[in-house]
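Here is a short tour of one model, meant to be read with the structure open beside you. We will look at some backbone details, then the packing, then a sheet.

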Amino acid sequence: MSDDVTLTAHGSTIGGWISVHITRGTERIPADFDVSMTERFPNTSNVIVTEGDPCTVSIGADVVITGYVDRVSESVDATNHTHAISGRGKCEDLVDCSAQFDSFQFMNTTTADIAAQLAQPFGIHLKALSAGMLHPQVCLNVGESPYAVIDRLCKLAQVLCYEDANGDLVIGPLSTHEAAGGFQMGVNVEHASYTRDLSQRFSEYRVFLVGTGIFTDAGQQPFAEHVVPDSTMPRFRPKAFIAQNGDAGAVVSNAHALWECNRRIGRGNVVTVTTSSWRDSDGARYAPNTLAALSLSQLKVSDGAKWTIGEVTWRRDMGSGAACELTLMPPETFQPAPILYLNWLQVFSTPEIGWQPLWAWLLPP
């Protein structure tokens with residue numbers, strides 16, 4: 001299966017790139033690419049690519065980025081004429097530009113519908129794997145980007161938003177799709193590293209419910225706290241939060257404490273893998289928001305543990321050849337932060353999110 005990288009723009013498809021760098025991620029909007037060539041290679045003497053051109057970048061027959069050319073750089077000397085082209089996915093306009101909507105207000109509209117209407121002026125389609133939630137009222141601030149609004153609403157609805165290969169905006173839950181074959185040292189892994197970091201983790205996360213006892217004597221307001229422990233932290237390191245105003249029973253704040261615990265554990269356990277193949281064992285391109293089984297016993301990673309691919313970079317250059325670099329973390333790492341807005345007891349009783357501390361996964365069996 002061919003993995004030649006081609007750029008289609010200005011009505012022509014161009015190959016022969018000597019340097020390629022393409023990156024997509026679960027938490028990265030937009031995707032981006034950098035490619036370069038010289039006219040010493042065949043079929044490159046009439047390369048006509050203009051900044052602003054709509055374009056697609058493909059690996060073999062598979063499109064990996066649909067977007068625009070941002071920058072074209074040419075250099076020349078006595079023996080070479082070099083073209084370097086960089087660009088980003090279509091969702092770049094959601095990040096760079098200001099949101100526009102006639103009334104600057106949405107009433108009783110779902111997360112997906114709001115995202116679709118904000119993306120529509122930029123020619124970006126929405127792929128809604130989840131409708132999100134119903135928002136009673138959303139007001140746009142003048143000057144804020146569409147992505148800032150969409151990202152905020154997706155956190156409220158506990159769904160992810162990211163860009164796919166077609167330049168479309170995807171809204172949906174953390175994926176359970178798994179890359180075939182996983183990653184195994186000596187089979188399809190050239191290099192792997194596992195970084196374990198305790199510097200931003202704590203032994204317990206405490207939420208304090210603080211308020212005033214209205215129409216009661218002083219000191220009658222009960223002092224309540226909720227504790228989420230991290231049993232894998234070897235020493236006493238407390239982290240405290242005050243429950244948000246309006247958070248009845250501190251339900252959201254308590255969920256946020258668990259999210260802080262899981263998120264920090266996940267960010268403190270990062271696996272990077274370099275593989276010479278750009279595809280899994282079934283021939284599918286590696287993609288973000290995909291599970292992968294890890295067999296890296298030399299790095300003390302639990303055999304068969306399924307981690308989520310957070311970022312994928314396909315690269316090729318004259319010095320080191322072709323490789324695919326992936327960053328993986330435990331799936332809980334990518335769950336959006338709980339924000340006060342809806343019935344979180346119902347949300348956190350769903351199997352997609354769960355109510356389990358991630359530190360239990362780190363303990364030996």
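## Ground rules

Helices and strands here are DSSP runs, numbered from the N terminus: a helice run is H or I with at least four residues, and a strand is E with at least two. This is a predicted model, in which local features need pLDDT of at least 70, side-chain atom pairs count only at pLDDT 80 or more, and totals for chains, interfaces and linings use all residues. Residues are numbered from 1 along each chain as its sequence is written, and side-chain values use heavy atoms, with hydrogens and water left out.

## Backbone details

Most residues other than glycine have a negative phi, and most peptide bonds are trans. With that in mind, take a look at P30, which sits in strand β4 (residues 28-38). The peptide bond leading from I29 to P30 is cis, its omega being near 0°.

N108 belongs to strand β8 (residues 105-110), while K300 is in the loop between β19 (290-295) and β20. N108 is exposed, with a relative accessible area of 54%, and K300 is exposed as well, at 66%. Here, exposed means over 50% relative accessible area, buried means under 20%, and partly exposed lies in between (1.4 Å probe, protein chains only).

## Nonpolar cores

A nonpolar core is a set of buried Ala, Val, Leu, Ile, Met, Phe, Trp, Tyr and Cys residues joined through side-chain atoms within 4.5 Å. The largest one has 40 residues, and W17, I22, F33, F183, V271 and L328 touch the most other members. Strand β20 (residues 305-317) supplies the largest share of this core, five residues.

A second, separate core holds 24 residues, including I29, A115, V138 and V159.

## A three-stranded sheet

Which strands make up the open sheet, and in what order? There are three, arranged β9-β12-β11 with mixed pairing; two strands pair if DSSP finds at least two bridges between them. At the edges are β9 (126-128) and β11 (160-163), each pairing on one side only. From one strand to the next, the twist averages 20°.

β9 and strand β12 (residues 169-172) run parallel and are joined by three bridges; A128 has I171 in β12 as its bridge partner. Helix α3 (residues 146-157) packs on the sheet and touches β11 and β12, where contact means heavy atoms within 4.5 Å. The direction of α3 makes about 145° with that of β11. Axes are lines fitted to C-alpha atoms, for helices over the stretch in contact, and angles run from 0 to 180 degrees between N-to-C directions.
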